Amino acid sequence: MADAEEPEKKRRRIEDLTDKMAVDGGACDWDGRWNHVRKFLERPGPFTHPDFEPSAESLHFLLETCKILVIGAGGLGCELLKDLALSGFRLIHVVDMDTIDLSNLNRQFLFRPKDVGRPKADVAADFINSRIPGCKVVPHFKKIQDFDESFYRQFHIIVCGLDSIIARRWMNGMLISLLSYEDGILDPSSIIPLIDGGTEGFKGNARVILPGMTACIDCTLELYPPQVNFPMCTIASMPRLPEHCIEYPRIFQWPKEKPFGETSLDGDNPEHIQWVFDRALERAAQFNITGVTYRLTQGVVKRIIPAVASTNAVIAAACASEVFKIATSAYIPLNNYLVFNDVDGLYTYSFEAERKENCSACSQVPQDLQFPPSAKLQEVLEYLTENASLQMKSPAITTTLEGKNKTLYLQSVKSIEERTRPNLCKTLKELGLSDGQELAVADVTTPQTVLFKLNFTG
């Protein structure tokens with residue numbers, strides 16, 4: 001008899017719950033829905049912030065006012081969107097420039113096989129909006145560089161779930177450019193906190209960045225692992241690994257044969273990857289090397305790092321917790337870098353990454369460049385790209401000579417690159433540069449122009 005009554009009791013409970021729902025502009029709340037959040041916001045506790053005053057206003061701010069921007073809707077981004085929406089954040093925007101690939105489905109749980117080929121941002125937003133009543137996720141199928149300052153100013157907190165150091169640095173530079181100073185004093189209201197998460201296999205990190213106050217991304221570039229590169233002689237003459245066979249057509253054959261005209265190799269273009277894959281198989285056959293697959297080819301070309309779903313879940317949870325702390329002021333945020341490692345057992349710790357006084361991104365003074373007058377512009381270019389604290393990708397160098405702006409070198413535009421290429425072989429003195437000259441450097445790693453002061457040595 002009890003077994004027969006159980007489904008009926010369950011049905012009545014569901015009906016009672018439905019009757020209690022309050023529908024307001026599409027946002028559905030029912031009695032007890034936010035009890036888990038209220039426990040943190042409406043009562044004191046041993047771990048709360050010393051200045052925290054329990055009230056119902058914090059929950060109202062979360063539900064109705066606080067706007068969060070999530071950058072990236074991949075493995076980390078899917079977890080972030082889920083965690084934030086279930087924590088009470090309803091006004092969320094997500095930016096992602098990628099479409100869904102079949103290989104994403106093993107860990108990016110907001111996507112299904114029918115979604116392959118669609119924009120990640122659109123599908124992730126649709127899933128969260130349909131699954132979590134009242135949540136309004138707005139998708140943007142674009143690059144972060146496609147938005148101006150006014151777009152980023154509207155958010156209270158920005159969370160990054162990216163796999164690109166360049167994109168991280170660009171976002172870091174954008175938030176620094178939004179800071180305003182009065183008589184050299186930072187205006188706190190211009191600060192938009194940045195929560196950054198990153199994963200690499202069984203390792204991960206989460207960090208809290210208060211632009212202009214704490215260490216920024218560029219302050220700690222040395223913490224990011226260097227990109228793995230194979231010796232050129234091995235690739236060209238003595239390949240031993242399937243990766244060597246893939247690098248050969250990427251580095252040597254593509255520029256020479258130009259299979260798609262002047263188009264650069266695009267790791268997201270299936271035709272490009274197929275072309276490299278076919279040549280890599282031919283190369284592997286010549287040296288009796290096995291293991292070349294389409295998926296490995298794409299991984300090598302795109303520099304894909306294997307992802308682990310559990311690591312994404314842990315790091316996203318840490319990031320979402322920091323967003324909650326900052327949005328509510330109920331708890332002291334992380335100060336300011338968390339490391340997670342479960343390669344051999346579980347190990348995690350936090351430390352304070354220190355701000356660099358001469359950081360090229362967040363310091364307010366031009367950076368010094370120490371070179372003799374006899375140094376060539378090529379040496380300056382190599383310094384900008386190879387220095388561990390700068391790591392620029394394709395710097396464009398301009399200066400002011402005789403009251404006019406002069407481009408010394410610019411790589412991204414072919415016609416200008418050809419015109420300015422001879423300058424690379426000229427000395428700084430031959431270019432008309434003098435001691436104390438200011439050089440303005442633009443790069444894809446930042447939306448800002450970085451100023452350097454040229455100091456002649458010996």
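## Sheet and helix packing

Trainee: In what sense do S13 and strand S17 pair, parallel or antiparallel?
Mentor: Keep in mind that this is a predicted model. There are five bridges between S13 and strand S17, which covers residues 446-456. One of them joins Phe371 to Phe456 in S17. The sense of the S13–S17 pairing is parallel.

Trainee: And which strands sit at the edges of that open sheet?
Mentor: Let's walk through the order, S13-S17-S16-S14-S15, five strands with mixed pairing. An edge strand here pairs on one side only. That picks out S13 (367-371) and S15 (404-409).

Trainee: How much does the sheet twist from one strand to the next?
Mentor: The sheet is open, with five strands. Going from one strand to the next, the twist averages 35°.

Trainee: Which helix lies across S13, S14, S15, S16 and S17?
Mentor: Look at residues 377-386, running at about 135° to S13. The strands they lie across include S14 (396-401) and S16 (438-443). That helix is H13.

Trainee: How many residues of the contact of H3 with H12 are nonpolar?
Mentor: From H3 come Ser58, Phe61 and Leu62, which meet Phe324, Ala327 and Thr328 of H12. No charged residues take part and two are polar. The nonpolar count is four.

Key
Residues numbered from 1 in each chain as written. Predicted model: local features only at pLDDT ≥ 70, side-chain atom pairs only at ≥ 80, totals over all residues. Heavy atoms only, no water. Pairing = 2+ DSSP bridges. Helix = DSSP H or I, 4+ residues; strand = E, 2+ residues; numbered from the N terminus. Axes fitted to C-alpha atoms, helices over the stretch in contact; angles between N-to-C directions. Contact = heavy atoms within 4.5 Å. Nonpolar A, V, L, I, M, F, W, Y, C, P; charged D, E, K, R; others polar.
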